[in-house]
Amino acid sequence: MAALPDLEEWLADSNTALNVSLVSPTPSGLQLISTFHPSFTYPIFGEDEKIFGYKDLKINLRYRANDMRPHVQTSYSRKFTPIGETEPMDVVGMLKEDAQLPDVAFRTESDFEINSQTLGDDWKPPGELHASFDGADGAYEIWKGSLADDAIKQLNKRIQLLILLFIEGGSYIGQAPETNSSQVEMPDADRWTLFFLYRKQPSSADPEKSSYIFVGYSTVYRFYYLQALPTPPASPNHDWELPRGDFDMALLPCRTRLSQFLILPPFQGSGNGARLYRSIYNHYLKEPSTQEFTIENPNEAFDELRDACDLKYLRTVPEFAALKLNPNVKVGKKGLIPQLIQGGENLEAIRAKVKIAPRQFARVLEMHVMSQLPDSVRPRIDPDEKVPSKTATDRHLERLWQLLVKQRLYRHNRDILAQIDLPERIEKLGETLLGVELEYARLLSAHGSSPVTTTKAKRRLDDDAESTSSKRTRVDE
């Protein structure tokens, strides 16, 4: 009787097996721009991120760098012979069904290459030119368009897999987080706006023409902004009737939410993400219908980018830049905490002006005020660093800043804290405050305001008020 094969030998790491590459058409053929591996493949190949049934498996996912037409090619040295119900995984089928790559990705290699040669140098991104800037490695352009546009919809379908591969917990537009299916029809497509970032460079075939290389993109969704009326409206008389004719829904007040944000690995670390974010934020800051600009489930990396960009911008707003702790405030051991910020009665007006969500505005204000603390009490990473002696005034300002942060943390985590005893409640707030101090110190250091560090702090309590219902409540992140 033949020995059963060792099934472990037929397992391949899906993150390593999958290669993503950008290629650009040239007169002599396709030119490789960059190759990189995904960060995640569990949405396609399962939680273990393993592919069974092949040896020396390679999955090459090539994207034509301008219009992002994909092409999939697989290779292996041996394939497992099925034994009963044990058989190799259907890699191509998974890429079609779970990854939802368009059918064009599975055409022949010759079709992909011939089509690339005939694309021409007159190709331009879909939508309209939104902004342009010069980077360290060339000129860049941002194009934007509505998902209701067929060309935008096609491009989104081609690149949406990148969201699963590089954003943990990412999902497709129109796809519920708990399912693997995408809606065929999207009645709210006109509420989605997509921003595409490209590097623009002279064409290799004709220097007088330009070619485009896809760098990254972001998706934005508009919600109706329900505002509380100061007084009930008067009841209409019998002559009142609904407005006639078409009404532009884009004119209604809205809350604008940045949903997805991705810069491809070869273009990270050069400020491209910050430029794209600032361009999107500035666009909606100037748009009259947008009342508030929010972010959906930001991860740690995006949180840092956003914090740095928001802090830099808000410090250019005179009303915000003037905010500081009020040293004349007296805080007793009991009773309500008074307004700790000098000029704090204007905070909501400033926040509404800059259209930043309450939690984010409060955090950036805390960073700004912390950077103003005297050296003797300003939180820092290195506990052994020599600092001046603390004066009574310094200690007072330190306590005011800590109270400012604890107020926000308590309000946001009130339901959780109410379930634990007072001593533990105080301990939890203290732990979370320490994490916030280290996080702010690291960010201010990275952007020129504090000692340099590479430490990453964790928030002990949930410090994210913009989570959607799909995000679980955290108590120790």
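Buried means under 20% relative accessible area, exposed means over 50%, and partly exposed lies in between (1.4 Å probe, protein chains only). By that rule Tyr221 is buried, at 9%. This is a predicted model, in which local features need pLDDT of at least 70 and side-chain atom pairs count only at pLDDT 80 or more, while totals for chains, interfaces and linings use all residues. Residues are numbered from 1 along each chain as its sequence is written, and side-chain values use heavy atoms, with hydrogens and water left out.

**Aromatic pairs**
- Rings of Phe, Tyr and Trp (its six-membered ring) pair if their centres lie within 6.5 Å; planes under 30 degrees apart are stacked, over 60 edge-to-face, and the rest tilted.
- The count comes to 25 aromatic pairs.
- One of them, Trp123 with Tyr212, is edge-to-face, at 6.1 Å centre to centre and 75° between the planes.
- Trp123 is in the loop between helix H4 (109-117) and strand S9 (128-135), and Tyr212 is in strand S12 (residues 210-224), 89 residues apart. Helices (H or I, at least four residues) and strands (E, at least two) are DSSP runs, numbered from the N terminus.
- Trp123 is buried at 17% relative accessibility, and Tyr212 is buried at 5%.
- Trp192 and Tyr221 form a tilted pair, 4.8 Å centre to centre with 55° between the planes.
- Trp192 lies in strand S11 (residues 192-202) and Tyr221 in strand S12, so this pair ties together parts 29 residues apart in sequence.
- Trp192 is buried, at 7%.

**Annotated binding site**
- An unreviewed UniProt entry marks Phe261, Leu262, Ile263 and Asn299 as "binding site". Positions follow the numbering used here, feature names are shortened, and annotations may be inferred rather than shown by experiment.
- These residues spread over 39 residues of sequence but cluster in space, with a largest C-alpha distance of 13.8 Å.
- Leu262 lies in strand S13 (residues 254-263) and is buried at 4%.
- Beyond four places in sequence, the contacts (heavy atoms within 4.5 Å) of Leu262 include Leu162, Phe166 and Val215.
- Asn299 sits in the loop between strand S14 (290-295) and helix H8 (300-314), and is partly exposed at 38%.

**Nonpolar core**
- A nonpolar core is a set of buried Ala, Val, Leu, Ile, Met, Phe, Trp, Tyr and Cys residues joined through side-chain atoms within 4.5 Å.
- The largest has 115 residues, and Leu161 and Leu162 touch the most other members.
- Leaving out residues up to four places away, Leu161 touches Ile44, Leu61, Tyr63, Ala99, Leu101 and Tyr172.
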